[in-house]
Amino acid sequence: MKDKKVIVGITGGIAAYKAAELVRLLVRAGADTSVAMTANATRFVTPLTFEALSGNRVVWDMFGHEGTSIDHISWGQDADLIIVAPATANFIAKMAHGIADDFLSTMVLAATARIMVCPSMNSKMFENLAVQNNLGQLKEMGVAVMEPSEGELACHTEGPGRLPEPEDIFEQAWALLLRQDLSGLNILVTAGPTVEPIDPVRYITNRSTGKMGYALARAAWRRGASVRLVSGPTALNPPYGVTFFSVKTAEEMRQAVLKNRTDCDVIIKAAAVSDYRPKESARHKIKKGADRVTLELVKNPDILAQLGSKKKASPCVLVGFAAETKDLLDNAKEKLKAKNLDMIIANDVSRDDAGFESDTNKIKVIYRDGRVEDAPLMTKDEVADLVLDRIKPLTG
Ligand code: PMT
């Protein structure tokens, strides 16, 4: 979000405290973030909190701040996005009816920026026809309305009306700031390791954390794709907006991928699948006894090779990752050919700053026609966008 200007508008609801985390996430992502509050919002959280988090002046009094006399006009016209979170029923009504009686409502009325509203209130209030009509009116005006989540509310009732988690608002906001250039595409991503049980307490696995695959799924969703993520066990939360399938073994991953492949335009296999599994998985914990124990391993199915062999019957863009510690290009090219792929991402996993576990990655993109593109060291989020940029022209 480095070149983006975002305004967070905070209105007077108990969920105003959650806006602090939203501002922190936006600032951390590099957005130039400013905050405007209603007078009631300042009763819940002080402007000083937001000033410290955003590093910018916070405005809540139309006539009392040290800006220029046209801030209420220029703010909303210089920004890329305005997020009103939380948005009270009162503020939503004012927006829907063009009422401008303080800085925030006046700024929103004059704005040319994209606007996103996150309603937060008691569920009966939210379900009230007046609020629903006002929200309908906002949608007609082109405002993005993020549905509240359900659950326990501050008024000790249950139902819709909770402000969504700041991380989810952040993701939705990010998607609004991006060109939806992958819209209409169904993308399946695999991520993480597989685990192959030896007995009920031990297993064979690898060092994959899922970071690369999750970054791909998140980036594809933000750019408008419909995304399914099949993941082995990781410590990560499923990315917002993505349909998530949790698996453990290579065989479970194979079944989940085959079940979901039919309507896919693109399949990206970033998962580190165990090539072998123990021939037998003991029903009970293997007891310590003999000085040496031999574990017999058998080959797992190669999921990507299976997809490649059925490419004629179910055509889609097939992208693999090749994790290598030597002869990177030769090995990756061989895998591309053997598995009948459209593209393979060669990953030198002998480096500390690339491959498994790290937040950065160093890749080479290898195309079916033999072309190779060497990318510089980048964050996994940046790698994800680069890989998607290179895949997009192949989707025809
Ligand atoms: O998860 P992180 O910690 O972020 O690490 C990222 C990563 C290093 C795991 C990732 O960038 C990566 O390189 N993933 C591929 C790892 C791997 O298993 O590579 P491979 O060369 O063994 O397999 C080649 C391709 O075949 C891969 O797309 C793999 O998903 C697929 N495969 C492999 C074996 C198998 N039985 N079935 C498969 O589908």
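**Close-up views of a predicted model**

**Figure 1. Surroundings of Ser123.** Beyond its neighbours up to four places away in sequence, Ser123 touches Leu153, Thr157, Glu158, Gly159 and Pro160. In this predicted model, Ser123 belongs to helix α7, which covers residues 123–127. With a relative accessibility of 5%, Ser123 counts as buried because the cut-off for that class is under 20%.

**Figure 2. The protein as a whole.** The protein holds 14 helices and 22 strands. Its C-alpha trace spans about 80 × 50 × 40 Å along the principal axes. Of the 396 residues, 50% are buried. Among contacts between residues at least 6 apart in sequence, 66% join residues at least 24 apart.

**Figure 3. Helix α1 and its cover.** Helix α1 runs over residues 18–28, and its buried residues are Lys18, Ala19, Ala20, Leu22, Val23, Leu25 and Leu26. An α-helix has 3.6 residues a turn, so residues three or four places apart point the same way. The elements that cover the buried residues of α1 include the strands β1 (5–10), β2 (32–37), β4 (81–87) and β8 (158–162), together with the helices α3 (47–54) and α9 (166–177). Gly30 follows α1 and has a positive phi, near 95 degrees.

**Figure 4. The largest nonpolar core.** This core has 37 residues, and Ile187, Leu216 and Ile268 have the most contacts inside it. At least two residues each come from the strands β9, β12 (226–231), β14 (266–269), β17 (317–324), β18 (343–348) and β20 (363–367), and from the helices α10 (211–222) and α14 (380–391). Helix α10 gives the largest share, eight residues. Another core, of 33 residues, lies apart from this one and has Ala15, Ala85, Cys118 and Leu163 among its members.

**Figure 5. Contacts of Ile187.** Ile187 is one of the residues with the most contacts inside the largest nonpolar core. Leaving out residues up to four places away in sequence, Ile187 touches Leu182, Ala220, Ala225, Ser226, Val227, Arg228, Val266, Ile268 and Leu388. Ile268, in this list, is also among the residues with the most contacts inside the core.

**Figure 6. Helix α11 and its packing.** Helix α11 comprises residues 250–260, of which Ala250, Met253, Arg254, Ala256, Val257 and Asn260 are buried. These buried residues pack against the strands β9, β10, β12, β13 (243–246) and β14, and against helix α12 (303–309).

**Figure 7. Surroundings of Thr194.** Thr194 sits in the loop between β9 (186–191) and β10 (196–199). Its relative accessible area is 0%, so Thr194 is buried. The side chains of Thr194 and Glu196 are joined by a polar contact of 3.0 Å. Residues up to four places away in sequence aside, Thr194 touches Ile204, Thr205, Asn206, Lys248, Thr249, Ala250, Met253, Ala272, Val273 and Ser274. Two of these, Ala250 and Met253, are buried residues of helix α11.

**Figure 8. Surroundings of Arg277.** Arg277 is found in strand β15, residues 276–278. Arg277 counts as partly exposed because its relative accessibility is 33%. Its side chain forms a polar contact of 2.9 Å with the side chain of Asn300. Beyond its neighbours within four places in sequence, Arg277 is in contact with Glu196, Glu296, Leu297, Val298, Lys299, Asn300 and Pro301. Glu196, which Arg277 contacts, is also the partner of Thr194 in a side-chain polar contact.

**Figure 9. The largest pocket.** The largest pocket has about 1300 Å³ of space. Its lining is made up of 32 residues, and Glu171, Trp174, Arg218, Arg222 and Asp381 are the closest to its centre. The helices α1, α9, α10 and α14 each give at least two residues to this lining. By class, the lining residues are 14 nonpolar, two polar and 16 charged.

**Figure 10. The largest cavity.** Rolling a probe the size of a water molecule over the atoms shows where empty space is left. The count of cavities of 30 Å³ or more comes to one. The largest cavity holds about 50 Å³ of space. Its lining consists of Arg261, Ile267, Leu307, Lys310, Lys311, Ser314, Cys316 and Leu318. These residues divide into four nonpolar, one polar and three charged.

Notes. Residues are numbered from 1 along each chain as its sequence is written. This is a predicted model: local features need pLDDT of at least 70, side-chain atom pairs count only at pLDDT 80 or more; totals for chains, interfaces and linings use all residues. Side-chain values use heavy atoms; hydrogens and water are left out. Helices (H or I, at least four residues) and strands (E, at least two) are DSSP runs, numbered from the N terminus. Buried means under 20% relative accessible area, exposed over 50%, partly exposed in between (1.4 Å probe, protein chains only). A polar contact is a pair of N or O atoms within 3.5 Å; within protein, one must be able to donate a hydrogen and the other to accept it, and residues adjacent in sequence count only if both atoms are side-chain atoms. Contact means heavy atoms within 4.5 Å. A nonpolar core is a set of buried Ala, Val, Leu, Ile, Met, Phe, Trp, Tyr and Cys residues joined through side-chain atoms within 4.5 Å. On a 1 Å grid over the protein atoms alone, a cavity is a set of points where a 1.4 Å probe fits but cannot get out, and a pocket is an open set with protein on both sides within 12 Å along at least five of seven lines; lining residues have an atom within 4 Å of a point. Grid points are joined across faces, edges and corners, and a volume is the space filled by probe spheres set on the points. Ala, Val, Leu, Ile, Met, Phe, Trp, Tyr, Cys and Pro count as nonpolar, Asp, Glu, Lys and Arg as charged, and the others, Gly among them, as polar.
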